[in-house]
Amino acid sequence: MTEPLWPALLGRFGWQDLPFVRAWADPSLSEIIGAGAGALVVVGGLAVVVLITWLGRWGYLWREWFTSLDHKRIGILYVVIAFTMLSRALVEAVLMRMQQAAAINAPGFIAPDHFAQLFTTHGSIMIFFMAMPFLTGAINYVMPLQIGARDVAFPLLNAVSLWLTAGAAGLMMVSLVIGRFSTGGWTGYPPYTELAFSPDVGPDYWIWAVTLGSIGTTLSGLNFAVTIYKLRCPGMTLMRMPMFVWTSLCTSILMIFAMPPLTVATALLALDRYLGFHFFTNDLGGNMMNYANLIWLFGHPEVYILILPAFGVYSEVIATFSSKELYGYTSLVIATMAIAVLSFTVWVHHFFTMGQSANINAVFGIATMTIGLPTGVKIYDWIWTMFRGRVRFSVSMLYSLAFMMTFVLGGLTGIILAFPPLDYLVHNTLFLVAHFHNMLIPGLLYGMLAGYHYWFPKAFGFRLDEKWGRISFGCWVVGFYLAFMPLYVLGAGGMTRRSQAVFEPAFRPWLYVAGVGALVLLSALASLFVQLLVSIRNREANRVPVGDPWNAGGLEWSIAAPPPEYNFAVIPTVNDRDPFHGDKADGDPYAPPKRYEAIAMPANSMTGPALGGLGAVTAFGLVWHMWWLAGFGLAAGIATIVARSFVRDLHRTIPAAEVARIDRHWRRDIRKAKPVGRAVEGTRANRGLAEVEA
Amino acid sequence: MPECSLIDRLSARVRRRSFRKRSPSLASTRRCLATAIAATPLAFVGGCDVLRLGVANPAGPVAEAQWHLLLIVGAVLFFVAAPVLILTPIIAWHYRLGKKGNVYRPTWTFSWPLEGLIWIPPTGIVVGLGFVLWHYTIALDPYRPLPSTQPALEVQAVALDWKWLFIYPDQGAAAVNQMAIPVGRPVHVSLTSGTVMQSLLIPQLAGQIYAMAGMTTQLNFAANRPGTFRGQNTQFNGLGFQNQKFEVLAMPPDAFEAWVARARATARPLDPAALDGLMQKSVPPEPILYSSVPPDLFQTFIARTQEPSR
């Protein structure tokens, strides 16, 4: 502090903020793991940069991916973020399970401070940077194809959402290398996260990462809702929309209404921490109960933001792999809407224990049970969809079946938690942890993985390897039961969540089983990556260029795999709920258009990456009190937006001849392909042309 | 960090205590068995002990009622889940593609009777459970005094980092990390926090309520058998969180009087110096008894939050 330049430039950064320096000073296993994680980020990041440079692919990536406004490219990039962050957060989960198994009447190998960062980053990443990007990516990729559109309503805004999310995820990764993360859990409850109790940079990293991500998500919600309202192809009335589009719409509505309370909560917390306000502090009239209400006013709808798109995926997958139309479409639409509305009426059940009157708790408890009704109806609708069908046990279908069986168990424990007197006993224990993992792993992760296997051939033109898919599926399911069923028992025995050490020998066998389960889950993720590599290696054998590998009925299957940039050479007209099934039944699913027209697509723009990068830079400057950097980021961000408004050339026209050339090339693939029956759809015979069943 | 050694000492103490062998009586073994069967099919032989630490082994009227409620709800839920758990695999397997001779109705998408079946009975169950929920939520409101001929024992609990201070205003005594209560007499706890939000849970006696700075919450419970029960903070509040456990000593009334007398005889008043020590972040290695408390100490804690930060 003797040199005035140092704090002015580097804010509150000091050498001790580098995990490598900490590990050098205190070479304990806990610090070495921290430094190792930091090193992995640095080395991994450098390796990717070197690899891309060596391959000379920067130009390609920049032109075709980073600046692309194509909803399909943006969707895929979202999923890449999701898998990257899933890897980190799952490793963190394994570390925590190992620590608890090792720390029964023993110190274990992870220090309390490090453990607290682990559970905070694990939760924050899984919710904001795994689940949200995954479902946003899925909606981005699939929804415009399903409604017969060429892109979303606001393609540039879509890119801005993506890059804000990427910037926020980048900030999470930077926190591994510079400084430390919050220890206040993924909900960041004050007053613990206030300056008086957490003066370090951790909560600031959390605040700005979540704020950037939540702004991106709000914009995504607006974008998707407008797309669904305005860009449906002729004939696609609301009640002809595929179920996935319905659930995307409900999720978008929830995003629009539920994300702002989160942004407000983190902004008020930031005002407390940066400008000495007293919204949630212990002193001068601050009240943390306001924060609890705000965060759960977001937090509960968030659960359904996460689960509804997966419900949409299951509706598509189960109908397709049962070779049947969806049972109870209207029922499912009503149930989805009911869930979306009810999700705003139950937030108090996250803090039954705050001391409000019993009547309030009873009202919210009953509202909570009520949500179980439409959810149960959905499960039965899927069962009746399989009824009198021809069920194929593809990987996507296996995930759907595992979901139905597992999700019900989570629903049961949810009803138990909805009873305030029972919630008093198991709130904040591992029972609660088991419950929400029991909802979100089948209700989100399995759904996204089912969708990943289902739509991957559409996105990349080849099927994923079935064998490794099944291995991975087995590990996800077995691992889930081993890792989380013991937590119910431990929670019923009173073991609190977020415990770095345990003092009850009776917990031991259950913690060991849970630890094994965590390792099985890790191998599930590993086999998912192996599957991807194997599939890429064998891609020629598994190509499905015609684009309909599963004999499905939605519009997205009526075009090539991968689809051309403009999706549809001619915007389709539909008069049916499963339009492609209808065309196939009529015997002419691939009728060529009468004539081709030029298509205007949004031109590339670097606004998205620029705003995401500058958002992250601003956030980083704010975290470290490097005011010059924050000011620069903000000013440059505003300048970027202003500069963008001067760009006149917003479209790139694809000439009719080019459209015709691409389309005719695909039609040659159709003529070359032999139709395959459903019994052999998992074999190399499947080129994406479905045999129409009698 | 001075508290590190404290944490280590506490862990060592807890370790010693936990390893002490308890001789399980026949009755408790039977109860344990019944619990394992009723509560979870997952309980295996070695894991039975864990449930004895929780509500499945209640030691007071509140926890007993909660345990009964759990059994009722669990029984109802069994019938809710069973159809899905049975139908899903059976239907999926029966209607598999490879099986010959199945009926195949690809365009069958609706049936009023089935629709009724999946909406009406579940609605009935939720309505029924709703009445149960309402009744038990009112009856087991933590603010509701327990019916008793004796006046409730007043205890004031202050959540500190990383320990609990229990003040006995009527007895003029206090204790850290130890709460003695007389068996059979209701206990009324008023809670606040001298630091961040915490949550007090005694799994075998009563479920949990938050303690927040500047505010008072309440918890009513009683013990109906003597014993030592684990209590804890369940809300993460920093690096000593995992060590923030306390013991509830449920004892016969005369033993409770003796405990109070012992506290008062310690000649360790809870004076400003002692209070300053408690306000530091630490995990006391042993419970501490105090012979006297300043009047209105609890109110002082609540009033502190109206002042500017220290």
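Modeller: Keep in mind that this is a predicted model. Start with B:Phe166, which stands opposite B:Ala175 in E3(B).
Biologist: How many bridges pair strand E2 of chain B with E3(B), and in which sense?
Modeller: Four bridges, in the antiparallel sense. E2(B) covers residues 163-168.
Biologist: Which strand does B:Ala175 face besides that?
Modeller: B:Ala175 also stands opposite B:Leu289 in E11(B). E11(B), residues 288-290, runs antiparallel to E3(B), and three bridges join them.
Biologist: Are the faces of E3(B) covered or open?
Modeller: Both are covered. B:Ala173 and B:Ala175 are buried on one side, B:Ala174 and B:Val176 on the other. In a regular strand, side chains alternate between the two faces of the sheet.
Biologist: New topic. How many residues are in the largest nonpolar core?
Modeller: It has 299 residues. B:Ala174 is among those with the most contacts inside it, and so are B:Leu205 and A:Phe129.
Biologist: Which helix gives the most to this core?
Modeller: Helix H10 of chain A, residues 288-321, with 22 residues.
Biologist: And what does B:Leu205 touch?
Modeller: Leaving out residues up to four places away in sequence, its contacts include B:Ala59, B:Val62, B:Phe221 and B:Val248.

Conventions. Residues are numbered from 1 along each chain as its sequence is written. Chains are lettered from A and ligands numbered from 1 in the order in which they are written. This is a predicted model: local features need pLDDT of at least 70, side-chain atom pairs count only at pLDDT 80 or more; totals for chains, interfaces and linings use all residues. A residue is buried if 20 or more other C-beta atoms lie within 10 Å of its own, exposed if 12 or fewer, and partly exposed in between; C-beta atoms are placed from the backbone. Helices (H or I, at least four residues) and strands (E, at least two) are DSSP runs, numbered from the N terminus. Two strands pair if DSSP finds at least two bridges between them. A nonpolar core is a set of buried Ala, Val, Leu, Ile, Met, Phe, Trp, Tyr and Cys residues joined through C-beta atoms within 7 Å. Two residues are in contact if their C-beta atoms, placed from the backbone, lie within 7 Å.
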